[in-house]
Amino acid sequence: MPSVKLKHHSPPDTISSSSSDSVRLLSRETLRISASLASPPVDDLPPHSPPSPDSQFLHSTLRLICCEEIDGRRFKYVAESDGSGKFKKNSVRAISLESPQTPFDEVGSFLRSYVVPEGFPGSVNESYVPYMTWRALKHFFGGAMGVFTTQTLLNSVGASRNSSASAAVAINWILKDGAGRVGKMLFARQGKKFDYDLKQLRFAGDLLMELGAGVELATAAVPHLFLPLACAANVVKNVAAVTSTSTRTPIYKAFAKGENIGDVTAKGECVGNIADLMGTGFSILISKRNPSLVTTFGLLSCGYLMSSYQEVRSVVLHTLNRARFTVAVESFLKTGRVPSLQEGNIQEKIFTFPWVDDRPVMLGARFKDAFQDPSTYMAVKPFFDKERYMVTYSPTKGKVYALLKHQANSDDILKAAFHAHVLLHFMNQSKDGTPRLVEQLDPAFAPTKYELESRIAESCEMVSTSYAIFKSRAAEQGWRMSESLLNPGRARLCHMKEE
């Protein structure tokens, strides 16, 4: 054959044998990766010919594990096989199926995250765009007018209109206010966290308000640093103002029993203004006695924060966010009853910050965070073939992860969260059956793959019999199960077998 003839009569290689092998190996690896990236998506293949994971990486040690979608971007997760059909540990890799975004697209996505709500335009009605357009124009003219009014006010308190000092003071004051507006805009990106963790963010905002006030007082000690300190204080206080404004309406909505939200809001703001004026008068009276500034500020701050804490604790919300859901499920697993609205809201933890992900249950997690060992995923997957979610436990991180599939609806998310807490309940039991904290990692308590499968099987059996009971008892107590605010992550497993 010609090919054999060419093979036997090829000229000797002038490059060293080791270099030639390296070049050939590099070429093969490059072609293999290019072929895997160019392979068609699973849903483009014929419907009656489901692709085999091995076919995606033919003649390769990499095998397809699953697919994931997050914010419209899709990923393949692959793992390395050892040749005997088993997977190597810690060999999971993610391969993006999308071309990289252009700088223009990245800037557009960045700006949209600040100026439009999540899920836009489907999350708002059609009047949102014209309303916000005219609102932006109103604030544009208002901001321009504010420069002249600020300078006029400063001139009226002693500075000459043509004085350069007056202009410098006006510019510093405007820069201070501008820095505050920038801080307000940046924090507004928190978006739906104002709905998910309303009480926690409200109290955090009040903490920031006192921090800003403390920074303002510090300018008296270092007057030469007035501008940077005043800017920092204004940023912090405007962030607190965003939090107060964003959480005000949901709180008043919880009080209104009919279409009287406007009346409730107006009266609530009136009470706040009256109390503010009374506090101002009180401070004027005590300031005439020249009290210690530090002592007075400390006492007033303690009163402010204590009142803020009791204020948010007194609000009774009917929806289930992560904190109230945890209280409800833990009570159900331990006592068989779901707490009432008052009990659940009182037991909700306020001293937690939504941006700190140190919770033992992660809902809507990404695949790469939940599974480091691909064989663990293959062992857990069959338990959830008929569900639109799956849960697992990571012994290295001490957390339970709930992964959501592509077509998971609100009830599936609720069930996934319930299942995750049930699995956490089982993982909190040591080998001898005594309770322990899952966060207290100990190699002696790290479950083997068989033990993890056993506990997941137990949790599946318990969820199948108790989830409907939990929902029924929660509804009897007045909890709105259809309006849960559990703040699931945006990652979804796709091309999985759905129910």
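I count a charge as sitting over a ring if NZ of Lys or CZ of Arg is within 6 Å of the ring centre and within 35 degrees of the ring normal. The model is predicted, so I take local features only at pLDDT of at least 70 and side-chain atom pairs only at pLDDT 80 or more, while totals for chains, interfaces and linings use all residues. Residues are numbered from 1 along each chain as its sequence is written, and side-chain values use heavy atoms, with hydrogens and water left out.

**Charge and sheet**

I looked up F75 and found R366 over its face, 4.9 Å from the ring centre. F75 stands opposite S96 in β3. Strands here are DSSP runs (E, at least two residues), numbered from the N terminus. Two of them pair if DSSP finds at least two bridges between them. β2 (residues 73-80) pairs antiparallel with β3 over 4 bridges. I then traced the open sheet: 4 strands, order β3-β2-β1-β7, antiparallel pairing. β3 (93-96) and β7 (491-494) are the edge strands, each pairing on one side only.

**Aromatic rings**

I paired rings of Phe, Tyr and Trp (its six-membered ring) with centres within 6.5 Å; planes under 30 degrees apart are stacked, over 60 edge-to-face, the rest tilted. I get 13 aromatic pairs. F367 and F371 are tilted because their planes meet at 35°, with centres 5.2 Å apart. F384 and Y389 are also tilted, at 5.8 Å and 55°.

I checked burial next (buried under 20% relative accessible area, exposed over 50%, partly exposed in between; 1.4 Å probe, protein chains only). F367 is buried at 0%, and F371 is buried at 2%. F384 is buried at 1%, and Y389 is buried at 1%.

Last, I noted a cluster: ring pairs link F325, F332, F418, Y467 and F470.
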